[in-house]
Structures are given as C-alpha cells and as structure tokens.
Amino acid sequence: MTDPFDIVQEDVVGAFEQTRTLFASWKQLDGRKRTPQEENEYQYMTDELYSSLTSIGNDLDDLQETIDVSRSAPDEYGLTSAEIKGRQEFVGSKKRALGEMRKTLTQSSESAKTQANVQGGGRSGGGRAEEEQVAGYSAEEFGTQQQQYQMMMEEQDQHFDSMLGTVRNLHGIASTMNTELDTHAVLLDEVNGLVDRTQSRLASAKRKVDRFLQDKNNRSLHIVIVLFVVILILIMLVIFT
C-alpha cells in the first residue's frame, strides 16, 4: 500500500521545482528596469509566486501534522526514527526555502513602494503642471476628434443631398416617361380607330368592285349574243340573195 506521505511529498517536490523556476525568472525582471510589457509579466509572476508559496506551505503543514502524529507512535505506523527524521528534514528544508522566497518577494514589494513614495514626493511640485498638460492635451485631442467627426458628418450630409437630388431626377424622368406612355396610348387608340374605319371602307369598296365586275360580265354576254345574232342574219342574207 502506498504511503500517503509519499504521494503528497511527490506533489510538493513537483510544485516546488516549478515555483523555483518561476522565481528565477522573476528575479531577472526584478533586478532591472522593465518595459510596460515586462512590468505586466512581472506583476503576473509576483501574484503566481505568492499563490504557489501559499499552496505549497499548506501542503507542508499537512505533512508536518502527519509527522507529529507518527512521532508519537512510530511503531503503530511502521516508521523508524530515521524515516521520521528524514521526513522532518524534508519539510523543514522546503519551509526554509519558501520562507527565503517569500522574504525576497516582500522586500522587493516594500522597496518598490518606498521608491514610488520618493518619486511621488519629488514630483509633487510639478504634479499640477503635468495634470494641466494632460488636461490640455486631452482637451486638444477631444477638439480634434470633434472637428473630424463634424467633417465626417458634413460629408455624409453632402452625400445624402446628392443622393436625394438623384432620386428627384429619377422621379422626374419616371413622371415624364409615364406622361409620354399615356400620350402614346391615346395615339394608339386613335390609330386603331382609323384602321378599323379603313378596313370597313376597304370592305365596302371590295363589295362594290365585285358587283361591278358581275354587272360587267353580264353586259358583255349580252353584247356577244347580239353580235352573234347580227352576224347570223348577215350570213343568211348573203346566202339567200
């Protein structure tokens, strides 16, 4: 059966190694002037270190309690004095290392606060001038942005006016086209009436022509008969005389 102490100890060792690596990176940034991006990383690592130190410290406290219990009755837990001593040395060494890291973090934080107070006192005389300068810059920047916004709105108004004029022109063209279509419709109606009347006149003329042709054919037949009779009479006269 696995000893719970060994499991927690393994977790503490892994967390401690990660914390020590993070602490080494933090010290590199702590010892020099930092850019804004590095300052953000520095603050993040500081918070992570405090959190990790607290978490590992709680685990070490739990291990210390198990050591204290096993020390009171080592035979009951199957531990020798050497094993208990080794566990105590492990917990003690890790607590001392955590204490050193926490001390370094605290000193750095206090030093930064002190330096900020000193710089703040040295700049107090010029603070009002800086605030006025920032306020003036902000007012100037706001005025510039307001002018740009006003120009943009004027351009949009001109664009909308141009679009409105185009729409009005299109409306006028559509009205003119509608009027012309109405006029063309009236003309088409008149043309249709003329065509109908013309067709009626043509039909009437055709009927008259047909009657005339019929009358002419009948008249020609009569003439042919009369001529035939006259010729026949002449022939008989020639024969009998």
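**Entry 1: S51**

I began with S51, which counts as partly exposed at 46% relative accessibility. For this term I applied the following cut-offs: buried is under 20% relative accessible area, exposed is over 50%, and partly exposed lies in between, with a 1.4 Å probe and protein chains only. S51 lies in helix α2. I also looked up T19, which is 32 residues from S51 along the chain; the C-alpha atoms of the two are separated by 9.8 Å.

**Entry 2: the model**

I noted that this is a predicted model, in which local features need pLDDT of at least 70 and side-chain atom pairs count only at pLDDT 80 or more, while totals for chains, interfaces and linings use all residues. Residues are numbered from 1 along each chain as its sequence is written, and side-chain values use heavy atoms, with hydrogens and water left out.

**Entry 3: the chain**

I found 5 helices and 0 strands in the protein chain. Here helices (H or I, at least four residues) and strands (E, at least two) are DSSP runs, numbered from the N terminus. From the N terminus on, the order of elements is α-α-α-α-α. Of the 241 residues of the protein chain, 13% count as buried.

**Entry 4: α1 against α2**

Two packed helices are described by the angle between their axes and the distance between the axes. I looked up both values for helix α1 (residues 4-30) and helix α2 (residues 36-72): the axes come within 9 Å and cross at roughly 155 degrees. The axes are lines fitted to C-alpha atoms, for helices over the stretch in contact, and the angles run from 0 to 180 degrees between N-to-C directions. I therefore recorded α1 and α2 as roughly antiparallel to each other; the classes are under 35 degrees for roughly parallel, over 145 for roughly antiparallel, 65 to 115 for roughly perpendicular, and oblique for the rest.

The crossing of α1 and α2 is left-handed, a term for a near helix turned anticlockwise from the far one by less than a right angle, with clockwise giving right-handed. I then looked up the residues of the contact of α1 with α2, which divide into 17 nonpolar, 6 polar and 5 charged. In this division Ala, Val, Leu, Ile, Met, Phe, Trp, Tyr, Cys and Pro count as nonpolar, Asp, Glu, Lys and Arg as charged, and the others, Gly among them, as polar.

**Entry 5: aromatic rings**

I found 2 aromatic pairs in the structure. Rings of Phe, Tyr and Trp (its six-membered ring) pair if their centres lie within 6.5 Å; planes under 30 degrees apart count as stacked, over 60 as edge-to-face and the rest as tilted. The rings of F23 and W26 have centres 5.6 Å apart and planes at 20 degrees, so this pair is stacked. Both residues lie in helix α1, 3 residues apart, about one turn of the helix. F23 is buried at 11% relative accessible area, and W26 is buried at 1%.

W26 and Y42 form a stacked pair, at 5.6 Å centre to centre and 15 degrees between the planes. W26 lies in helix α1 and Y42 in helix α2, so the pair ties together parts that are 16 residues apart in sequence. Y42 is buried, with a relative accessible area of 7%. I recorded F23, W26 and Y42 as a cluster linked by ring pairs.

**Entry 6: salt bridges**

Side chains of opposite charge can pair when their charged atoms come close. I used the rule that a salt bridge is a side-chain nitrogen of Lys or Arg within 4 Å of a carboxyl oxygen of Asp or Glu, and the count comes to 5 salt bridges. I looked up three pairs, as follows.

- R20 and E17 form a salt bridge with the closest N and O atoms 2.7 Å apart. The two are 3 residues apart in helix α1, about one helical turn. R20 is partly exposed at 42%, and E17 is partly exposed at 35%.
- E38 forms a salt bridge with R32, with the closest N and O atoms 3.1 Å apart. E38 counts as buried at 19% relative accessibility, whereas R32 is partly exposed at 42%.
- R71 and D68 meet in a salt bridge at 3.2 Å, N to O. The two are 3 residues apart in helix α2, about one helical turn. R71 is partly exposed at 41%, and D68 is partly exposed at 39%.
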